[in-house]
Every structure is written in C-alpha cells, then in structure tokens.
Amino acid sequence: PQTWAIIAARTLTDPVWFFITDWFAIYLVSKGINPEQGLLAFWIPFVAADLGNFFGGGLSSWLINRGWPVIKARKAVIVFGGLGMTLLIPTIFTSGLLSLAALFAVSTFAYASFSTMALVLPSDLYSSKSVATVSGMSGTGAGVGTIISTYLIGYVSDHYSFEPILITASLIPFVGMILVLALIRPRTVIV
C-alpha cells in the first residue's frame with residue numbers, strides 16, 4: 001500500500017505542474033490577457049515553485065528537529081501541498097492578471113512542497129536496495145499521468161473550456177494527498 005501511495009502522489013501531482021508549465025500562457029490569453037501584459041506576471045508561479053521546493057524540505061526538517069516523527073512531518077507538508085493546490089479553483093472566477101498570478105503562485109508553491117515530499121518518501125520508507133525501484137515506479141506513474149493529461153487538456157480546452165481542467169487540477173492532487181495519508185503508515189523500513 002505504501003508503494004501505491006507514493007506512485008499515486010507523483011501520478012496525481014506532476015501532471016498539474018506540466019499543465020501549468022505548458023498551458024499557463026494560453027490560459028492567460030483565454031482570460032483576455034494579451035501576451036505582452038501576461039509576460040509581466042508569467043514568471044511568478046515558477047519562482048513560487050522554486051521557493052516551494054525549499055519550503056517543503058525546510059518545513060519538514062524543522063518539524064523533525066522539533067521532535068516530530070519523520071513520516072508525520074512529511075505528511076504535514078503533503079497536507080499543506082494538497083490543500084494549497086486547490087487554489088486553482090478560484091482562478092475560474094477572476095480575470096485580473098495579478099490575482100491569477102497570485103493564485104497560480106500559491107498553487108505551484110504548494111505543488112513543489114508536496115512534490116519534494118513525494119520524492120523523499122521512498123528513502124524514508126524503504127531500504128536502500130528498494131529506493132530506486134520505488135522512485136522509478138513513481139516516476140513512471142508521473143510520466144504516464146502527464147502524457148494522458150496533456151492529451152485530455154488539449155481536448156477539453158478545445159471543446160469546452162479551461163474550467164473543468166482547473167477544477168480537476170485542483171482536486172486530483174487532493175486525492176493523492178488522501179491516498180498518502182491513508183496508505184502510508186509509520187513503521188520500520190521495508191526491505
């Protein structure tokens with residue numbers, strides 16, 4: 001079950017990151033923001049993601065140094081990430097450039113924090129002989145999820161709008177968070 005949780009965490013979060021990296025500029029145009037104006041804020045979610053990587057690892061380490069068990073500290077960051085990614089939903093209701101950039105920034109910050117924990121969980125849960133295998137399986141899940149979602153995003157955005165995509169991109173990582181919380185139990189390292 002722990003392996004499936006790690007695979008689900010990556011499979012259900014990485015496609016959201018690639019949606020943002022590949023479609024954010026197109027989404028801004030769909031909201032009526034011209035590309036020249038969009039360039040003023042386009043970089044903000046990406047810098048936020050960089051900061052989120054440091055925050056996720058730093059918060060987890062800070063909690064561990066305060067006496068939290070490792071898995072509990074990792075899960076706390078995952079909860080922050082899963083909840084923070086739901087802030088893509090309010091983007092449906094705004095068309096202001098700075099509001100959109102801020103909501104996407106919080107979401108990418110949360111994604112990067114979650115992702116950092118998803119990447120480190122195999123080394124927390126498995127012996128050194130198994131870490132690469134579990135990491136590879138989660139990376140495969142992330143790749144397959146990204147390929148499928150890229151096709152679906154193109155289809156849905158062409159035939160409908162970005163609204164169902166943003167709702168899905170907010171809720172799917174939340175499901176990943178629930179699976180991590182439910183399936184990963186603190187115990188000794190698995191061989």
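Biologist: How do you know that the 29 residues of helix α5 (residues 97-125) span what they should?

Modeller: The expected span of a helix is 1.5 Å times one less than its number of residues, so α5 should span 42 Å, and its end C-alpha atoms are 42 Å apart, which agrees. Helices here are DSSP runs (H or I, at least four residues; strands would be E, at least two), numbered from the N terminus. This is a predicted model, in which local features need pLDDT of at least 70 and side-chain atom pairs count only at pLDDT 80 or more, while totals for chains, interfaces and linings use all residues. Residues are numbered from 1 along each chain as its sequence is written, and side-chain values use heavy atoms, with hydrogens and water left out.

Biologist: Where does α5 have a kink, and what makes you call α5 mostly covered?

Modeller: The kink, of about 30°, lies at Leu119, shortly before the proline Pro122; the bend at a residue is the angle between axes fitted to the seven residues ending there and the seven starting there. As for cover, 21 of the 29 residues of α5 are buried, where buried means under 20% relative accessible area, exposed over 50% and partly exposed in between, with a 1.4 Å probe and protein chains only.

Biologist: How do you know the span of α1 agrees with its 29 residues, and on which residue is its kink centred?

Modeller: By the 1.5 Å a residue rule α1 should span 42 Å, and its end C-alpha atoms are 40 Å apart, which agrees. The kink in α1 is about 60° and is centred on Trp23, and just after the helix Gly32 takes a positive phi of about 90°.

Biologist: What makes Asp124 and Arg74 a salt bridge?

Modeller: A salt bridge is a side-chain nitrogen of Lys or Arg within 4 Å of a carboxyl oxygen of Asp or Glu, and the closest N and O atoms of Asp124 and Arg74 are 2.6 Å apart, so the pair qualifies. The pair links distant parts of the chain, with Asp124 in helix α5 and Arg74 in helix α4 (residues 70-84), 50 residues apart. Arg74 has a relative accessible area of 11% and is therefore buried.

Biologist: How many salt bridges does the rule give, and what does Asp14 pair with?

Modeller: The count comes to two. Asp14 forms a salt bridge with Arg10, their closest N and O atoms being 3.1 Å apart; both lie in helix α1, four residues apart, about one turn of the helix, and both are buried.

Biologist: Why is Ile44 called partly exposed, and why is Asn65 called exposed?

Modeller: Ile44 has 23% relative accessibility, so it counts as partly exposed, whereas Asn65 has a relative accessible area of 63% and is therefore exposed.

Biologist: Why is Leu179 called partly exposed?

Modeller: Its relative accessible area is 30%, so Leu179 falls in the partly exposed class. Leu179 lies in helix α7, and its C-alpha atom is separated by 5.6 Å from that of Ala5, 174 residues apart along the chain.

Biologist: What makes the space of about 320 Å³ a pocket, and which residues lie nearest its centre?

Modeller: On a 1 Å grid over the protein atoms alone, a pocket is an open set of points where a 1.4 Å probe fits, with protein on both sides within 12 Å along at least five of seven lines, and lining residues have an atom within 4 Å of a point. The largest pocket is lined by 15 residues, of which Ser149, Ile153, Thr168, Ala169 and Ile172 lie nearest its centre. The elements giving two or more residues to that lining are α1 (2-30), α6 (128-159) and α7 (163-183).
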